[in-house]
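Have the sequence and the 3D view open as you read.

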Amino acid sequence: MKPILFIDFDGTLCHDRFWRSIDADSFEKIQNFLFGENKSIVNEWMRGIHSSEHINQLISKELNIPFENVWDIFVTDCENMNISSDVLNRIENLKKNFYTILITDNMDCFTRFTVPALKLNSFFDLIINSFDNKKFKNDNDGDIFLQIVKERGSKIEDSILMDNSKGACATFSELGGMTRFVTSDEPLAFWLENLENELVKS
């Protein structure tokens, strides 16, 4: 069986923000309100407790902006997340050697809007979103990774995680897997090319 290549989404595959198309003042207020003052709500959103509609209703009320305006911007931004086509093509090419799995601590909007709009299912063999399975990558010492590896008949020792989270990389390493820590100096494209070169040498 093939080894597994796990790839994170936010900060790894994509760097775009929600509501980025709204005016600068409103964007800053949303960031402060949601990701500053109400981080617990964001975590609950990623665990499937709140819907995107509910979150946008909170923002509409907080900013005194009509819900439809906030919602339309939100959905459009989710559907137009920018991902390098070169990176996606590299991931698709690696399917010959790996099970490619996108694993993300994310919201319902990712599954509902981003995945279909960007046709991410055609580049990954499997997409795991915390909203859908109510579990973060680091929960229970990363048992989600072990579960997936077992289901695929693969080995954690042969698996690779590419992620911009030090915590996720540490958890995966402790399980026995290999990690590639994604940074601005060593982005996902760097690590994918590096992996391709390793495969050529072997």
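Let's begin with T183, which sits in the loop between β5 (178-181) and α10 (188-201). Helices here are DSSP runs of H or I with at least four residues, strands are E runs of at least two, and both are numbered from the N terminus. T183 counts as partly exposed, at 27% relative accessibility. The cut-offs are these: buried is under 20% relative accessible area, exposed is over 50%, and partly exposed is in between, with a 1.4 Å probe and protein chains only. Although T183 and S165 are 18 residues apart along the chain, their C-alpha atoms are separated by 9.3 Å.

Before going further, some housekeeping. This is a predicted model, where local features need pLDDT of at least 70 and side-chain atom pairs count only at pLDDT 80 or more, while totals for chains, interfaces and linings use all residues. Residues are numbered from 1 along each chain as its sequence is written, and side-chain values use heavy atoms, with hydrogens and water left out.

**A residue in α10**

Leaving aside residues up to four places away in sequence, L192 touches L5, I7, V87, R90, I91, L94 and M162; contact here means heavy atoms within 4.5 Å.

Helix α4 (residues 67-79) has 13 residues. From first C-alpha to last, α4 reaches 18 Å, close to the 18 Å expected at 1.5 Å a residue; that expected span is 1.5 Å times one less than the number of residues. The buried residues in α4 are V70, W71, F74, V75, D77 and C78. They share the same side of α4 because they cover an arc of only 165 degrees around the axis, the arc being that of the directions from the helix axis to the C-beta atoms. An α-helix has 3.6 residues a turn, so residues three or four places apart point the same way. What do the buried residues of α4 pack against? Their partners are α2 (39-46), α3 (52-63) and α6 (108-118).

Now for α8 (143-151), where I144, F145, I148 and V149 are buried. These cover an arc of only 135 degrees around the axis, which puts them on the same side of α8. The face turned away from that buried side carries the exposed residues K150 and E151. The buried residues of α8 pack against β1, β2, β3, α7, β4 (160-163) and α9 (166-175). Just after α8, G153 takes a positive phi of about 65 degrees.

**Positive phi without glycine**

W19 has a positive phi of about 60 degrees although it is not a glycine. W19 lies in the loop between β1 (4-7) and α1, and counts as buried at 0% relative accessibility. K134 is another non-glycine residue with a positive phi, near 60 degrees. The loop between α7 and α8 holds K134, which is partly exposed with a relative accessible area of 44%.

**The empty spaces**

Rolling a probe the size of a water molecule over the atoms shows where empty space is left. On a 1 Å grid over the protein atoms alone, a cavity is a set of points where a 1.4 Å probe fits but cannot get out; a pocket is an open set with protein on both sides within 12 Å along at least five of seven lines; and lining residues have an atom within 4 Å of a point. Points are joined across faces, edges and corners, and a volume is the space filled by probe spheres set on them.

| Space | Volume | Lining by class |
|---|---|---|
| Largest pocket | about 420 Å³ | 10 nonpolar, five polar, seven charged |
| Second largest pocket | about 180 Å³ | eight nonpolar, six polar, one charged |
| Largest cavity | about 30 Å³ | four nonpolar, four polar, three charged |

For those classes, Ala, Val, Leu, Ile, Met, Phe, Trp, Tyr, Cys and Pro count as nonpolar, Asp, Glu, Lys and Arg as charged, and the others, Gly among them, as polar.

Of the 22 residues lining the largest pocket, D10, R17, M46, D105 and M107 lie nearest its centre. The lining of the largest cavity includes D105, N133 and I144.
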